[in-house]
Amino acid sequence: MGKSDLFDIKTRLSGQVIFVIASFAVSLGLLSQIGSQTEWSDSARTIAAQPRFWPAVALGLMVAGFGLHWRLMRRRRPDRRDWLEAKRWVEPLEYYGWFILFVLAVPRLGFLPMSLVMACALTWRLGYRSKGALALAALFAVSVTVTFKGFLGVNIPGGQIYELLPASVRTFFMVYL
């Protein structure tokens, strides 16, 4: 086993400590809530028919499994590599934030304006900063809006900002844009 093989093993195992600790904590937290989130039925004939039984078994096994895994690990405390790996796991949550921003802004600003802003902003965020890339993103946003609201008739509420438009074009904007 050469030096590079040892590095590959360490790299593959990085983050494992944080994953096991986090999974153990989440499982334990869910198990602690089993009494308030499930019920015990007096009409159930056997214990296996109880609504609380199988979720409790599954969560109990998860707590035991992750606890045992953590106990049997050679290294039980996170180091720098673990935190770097955990940072990589958290990075996709940024896109969750972008999506929530989009969902919250559409009722106020409208589907087309927010689609244009988000498509161009995400294109810029991903590093595609040429005029052509941004134009393609804008074209994509317009085509999605036309497809969903125009052709498919998906009912997406019009933005509150459309109320400021003259009555002659307000209906068109609320229905199609």
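This briefing describes surface, core and helix features of one protein structure. The structure is a predicted model, in which local features need pLDDT of at least 70, side-chain atom pairs count only at pLDDT 80 or more, and totals for chains, interfaces and linings use all residues. Residues are numbered from 1 along each chain as its sequence is written, and side-chain values use heavy atoms, with hydrogens and water left out.

**Nonpolar surface patch**

- Phe19, Trp89, Val90, Leu93, Tyr96, Phe99, Ile100, Val103 and Leu104 form a nonpolar patch on the surface, with about 900 Å² of accessible area together.
- Helix 5 (80-90) and helix 6 (93-109) are the elements that give two or more residues to the patch, and helix 6 gives the most, with six.
- A patch here takes residues with over 30% relative accessible area and no salt bridge, joining nonpolar side chains (Val, Leu, Ile, Met, Phe, Trp, Tyr) within 5 Å and like charges within 9 Å.
- A salt bridge is a side-chain nitrogen of Lys or Arg within 4 Å of a carboxyl oxygen of Asp or Glu.
- Accessible areas come from the Shrake-Rupley method with a 1.4 Å probe, and for residues only the protein chains shown count as cover.
- Helices are DSSP runs (H or I, at least four residues), numbered from the N terminus.
- Tyr96 lies in helix 6 and counts as exposed because its relative accessibility is 55% (exposed is over 50%, buried under 20%, partly exposed in between).

**Nonpolar core**

- The largest nonpolar core has eight residues: Phe102, Ala105, Val106, Phe111, Met114, Met118, Val144 and Ile156.
- Such a core is a set of buried Ala, Val, Leu, Ile, Met, Phe, Trp, Tyr and Cys residues joined through side-chain atoms within 4.5 Å.
- Helix 6 and helix 7 (111-125) each supply at least two residues of this core.
- Ala105 is in contact (heavy atoms within 4.5 Å) with Gly110 and Met114, leaving aside neighbours within four places in sequence.

**Helix 2**

- Helix 2 (residues 16-32) has 17 residues and reaches 24 Å from its first C-alpha to its last, close to the expected 24 Å (1.5 Å times one less than the number of residues).
- Its buried residues are Val17, Ile18, Val20, Ser23, Phe24 and Ser27, and they pack against helix 4 (53-72) and helix 5.

**Two single residues**

- Arg81 lies in helix 5 and is partly exposed, with a relative accessible area of 27%.
- The C-alpha atoms of Arg81 and Ser14 are separated by 5.6 Å, although these residues are 67 apart along the chain.
- Gln50, in the loop between helix 3 (34-37) and helix 4, is buried at 6% relative accessible area.
- Not counting residues up to four places away in sequence, Gln50 touches Glu39, Trp40, Ser41 and Ala44.

Notes. Buried means under 20% relative accessible area, exposed over 50%, partly exposed in between (1.4 Å probe, protein chains only).
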